[in-house]
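Here is a brief structural report, written for a reader who works with coordinates. Please look over the sequence and the model first.

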Amino acid sequence: MSERFVKHATFVVERTYKTGAERVFEAFADPEVKGKWFSKPDQFEFRVGGREYSSGGPPEGPVFTFDAVYQEIVPAERIVYTYTLDMNDTRMSVSTTTIELFPVDGETKLVFTEQGAFFDGHDTPEIREHGTGEMLDALGKLFA
């Protein structure tokens with residue numbers, strides 16, 4: 001049996017987008033817009049207590065399941081959710097994510113903070129932070 005352990009970590013990724021906070025917020029709140037830069041959800045209830053769920057992956061690869069519950073939503077200012085990430089039947093992590101939007105000279109500064117528990121080396125904070133940066137870059141292409 002392999003050693004079981006938990007690695008706790010917090011990381012912050014920041015981006016500035018050349019658009020207003022309302023439009024950035026909409027990219028998280030509207031499932032059609034979100035599907036252009038994030039995995040298309042199988043279930044999407046953007047409200048406090050609502051669930052966002054998606055499951056999928058490459059044809060010959062593992063199935064990844066993202067299962068989130070929205071904890072706090074302040075339009076054009078803040079989104080907080082908790083989520084689990086699984087690979088096939090293996091729980092990789094449990095996290096709390098806070099997205100803050102700050103208007104700055106006609107643009108929007110987004111601050112993405114994730115606090116996670118990463119299990120048994122199935123994922124690492126460094127890999128998750130890198131993937132988050134790529135995801136937020138994909139979001140930015142909507143505003144280019």
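## Basis

This is a predicted model, in which local features need pLDDT of at least 70 and side-chain atom pairs count only at pLDDT 80 or more, while totals for chains, interfaces and linings use all residues. Residues are numbered from 1 along each chain as its sequence is written, and side-chain values use heavy atoms, with hydrogens and water left out.

## Largest pocket

The largest pocket holds about 570 Å³ of space. A pocket here is an open set of points on a 1 Å grid over the protein atoms alone where a 1.4 Å probe fits, with protein on both sides within 12 Å along at least five of seven lines. The volume is the space filled by probe spheres set on the points.

The lining has 24 residues, meaning those with an atom within 4 Å of a point. Nearest the centre lie F38, L85, R128, G131 and M135. Two or more lining residues come from each of strand 3 (51-56), strand 4 (64-74), strand 5 (78-87), strand 7 (107-119) and helix 3 (125-141). Helix 3 gives the largest share, 6 residues. Helices (H or I, at least four residues) and strands (E, at least two) are DSSP runs, numbered from the N terminus. By class, the lining divides into 12 nonpolar, 7 polar and 5 charged residues. Asp, Glu, Lys and Arg count as charged, and Gly counts as polar.

## Helix 1

Helix 1 spans residues 21-29, and A21, V24, F25, A27 and F28 are buried there (under 20% relative accessible area, 1.4 Å probe, protein chains only). Seen down the helix axis, these buried residues fall within an arc of 150°, so they line one face of helix 1. The arc is taken from the directions from the axis to the C-beta atoms.

Strand 5 and strand 6 (residues 90-104) run antiparallel and are joined by 10 bridges. Pairing requires at least two DSSP bridges. T84 has V94 of strand 6 as its bridge partner. The hairpin has 2 residues between these strands, and N88 takes a positive phi near 55°.

Strand 6 also pairs with strand 7, antiparallel, over 12 bridges. S95 stands opposite G116 of strand 7. This hairpin too has 2 residues between its strands, with D105 at a positive phi near 50°.

## D123

D123 sits in the loop between strand 7 and helix 3. Its relative accessibility is 9%, so D123 counts as buried. The D123 side chain makes a polar contact with the side chain of R128 at 2.6 Å. Such a contact is a pair of N or O atoms within 3.5 Å, one able to donate a hydrogen and the other to accept it. R128 is also among the residues nearest the centre of the largest pocket.

Definitions and conventions: Buried < 20%, exposed > 50% of the residue type's maximum accessible area, 1.4 Å probe, protein only.
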